[in-house]
Amino acid sequence: MQNIFKYLKGDSVIWIVTILFLGLSMLSVYSFVPILVKTEGGSPFGYLFKHVIYIGIGFAAMFWVHRQNPVYIEKLSKFIFILAIALLVFTFFFGVRVNDASRWVRVPIIGLTFQSSDFAKLALVIFLSRRLVSGREYFDTWKKSFTGVIIPILFICALIAKDNFSTAAILFLVSLLLLFVGKYPISKILGIIGTGIVGVGVIVLLHLALPAMNLLPRFDTWMSRFFKAYGEGSGSVENMQAINAQLAIHNGGYTGVGVGDGDLKHYTPEAYADFFYSSFVEEFGLISAVGLIFLYLILFYRILRIGLNSKNLFETYLSIGIGLLLLTQAMVNMFVCTGLMPVTGQNMPFLAMGGSAMVMSCVSLGIVLSIARKNNPEGESLNTINKTK
């Protein structure tokens, strides 16, 4: 084990948790795809093989990024942000349509799809972390503050919201939390919230007044999901996917029904992604589910610790932003599966069936590990990973 960690620098705990997640994801995805086999065809092994490819790409990217100096990320922050906008605009006009949403870009030759919003989330966190350092002197100036901070947040979130409102909302929330951590003026944070609410209201009114423009193609889906969760239809057949998710959690009990023996995964769409947590509880049980939550909290704590121990403010903000992104996404998946939130398209980081989300989550952790490696070149030995500085 020590020989392996000679090459995996930065933080041994993060490496261990990540490897545990990736290993568990292969087992769970293979078990959770019967509904996909039933609707799309293929075999569980075929989907597992595709998932392993994404894991391999993600882990290789994570390893490569963690060997780089984070100063390059800081210097390239504006370029990364512009690239994210270009990808979102390209997706807006030429995106591949899947499940009634145009969120994906098909990678030439290899044929795999990439969700541009996954890259944009990380790009915005990187950009804001840099702007919180470089633009601090302009925080009290509305004009420069608006163009340098507020517009980038609203623009990225608006481009994502057209086909993925939940992701845009999560990114908006994480951006506000990051601004709060960076001591951005509260008055301007409230201004961003107000501007965002007004902007959403105007777009919704335009969509309703001019339906031919189809400004919000998934508006009816969003409203349907909301009323199914909180309206009179919350217990109806139309809300069956959410009901099945809750039944799966109930069916799992304390110890679960056993890997591969879950029943509700056969009737729950996206059991391997959007409803991953409910499928996990059914087969692995409540005790294992609590352990899963504990692993996410450990990961979040280690990310925060790396950021707070850095003497570079950009690295501190970037680590905190990445930690908030990963934890918030996991929490939303759990809240949806337990009926605390309407159905959304958020999967469990590192665990749900692979894709661009898997790759970008690994890249995000690679950045955090590169920060840890820079500040602690020798890394932490396995004998000291539980000690605090």
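Predicted model: local features only at pLDDT ≥ 70, side-chain atom pairs only at ≥ 80, totals over all residues.
Residues are numbered from 1 along each chain as its sequence is written, and side-chain values use heavy atoms, with hydrogens and water left out. The secondary structure of the chain comes to 14 helices and three strands, where helices (H or I, at least four residues) and strands (E, at least two) are DSSP runs numbered from the N terminus.

**Chain as a whole**

- The pLDDT, which is the predictor's confidence in each residue from 0 to 100, averages 84 over the protein chain, and 85% of the residues score at least 70.
- Over residues 381–389 the pLDDT is below 50, and this stretch has 17 contacts in the model beyond near neighbours in sequence, a contact meaning heavy atoms within 4.5 Å.
- Of the 389 residues in the protein chain, 50% are buried; buried means under 20% relative accessible area, exposed over 50% and partly exposed in between, with a 1.4 Å probe and protein chains only.
- Among contacts between residues at least 6 apart in sequence, 72% join residues at least 24 apart.

**Packing of H14 with H3**

- Helix H3 (residues 44–66) and H14 pack at an angle of about 20 degrees with their axes 7 Å apart, the axes being lines fitted to C-alpha atoms, for helices over the stretch in contact, and the angles running from 0 to 180 degrees between N-to-C directions.
- H3 and H14 are therefore roughly parallel to each other, since angles under 35 degrees count as roughly parallel, over 145 as roughly antiparallel, 65 to 115 as roughly perpendicular and the rest as oblique.
- The crossing of H3 and H14 is right-handed; a crossing is right-handed if the near helix is turned clockwise from the far one by less than a right angle, and left-handed if anticlockwise.
- The residues making this contact include His-51, Tyr-54 and Phe-59 of H3 and Cys-362, Leu-365 and Arg-373 of H14.
- By class, the contact of H3 with H14 has 14 nonpolar, six polar and one charged residue, where Ala, Val, Leu, Ile, Met, Phe, Trp, Tyr, Cys and Pro count as nonpolar, Asp, Glu, Lys and Arg as charged, and the others, Gly among them, as polar.

**Packing of H14 with H12**

- The axes of helix H12 (residues 276–309) and helix H14 (residues 356–375) come within 9 Å and cross at roughly 45 degrees, and the two helices are therefore oblique to each other.
- The crossing of H12 and H14 is left-handed, and the contact is made by Leu-299, Ile-303 and Ile-306 of H12 with Leu-365, Val-368, Ile-371 and Ala-372 of H14.
- This contact of H12 with H14 comprises seven nonpolar residues, with no polar and no charged ones.

**Buried helix residues**

- Ile-189 lies in helix H9 (residues 186–209), is buried at a relative accessible area of 8%, and touches Leu-176, Leu-179, Phe-180 and Tyr-184, not counting residues up to four places away in sequence.
- Ser-28, in helix H1 (residues 12–32), is buried at 1% relative accessible area and, with residues up to four places away in sequence not counted, touches Phe-276 and Leu-351.

**Loop residues with positive phi**

- Lys-183, found in the loop between helix H8 (165–181) and H9, has a positive phi of about 60 degrees although it is not a glycine, and Lys-183 is exposed with a relative accessible area of 67%.
- Phe-350, in the loop between helix H13 (313–337) and H14, has a positive phi of about 75 degrees although it is not a glycine, and Phe-350 counts as buried at 2% relative accessibility.
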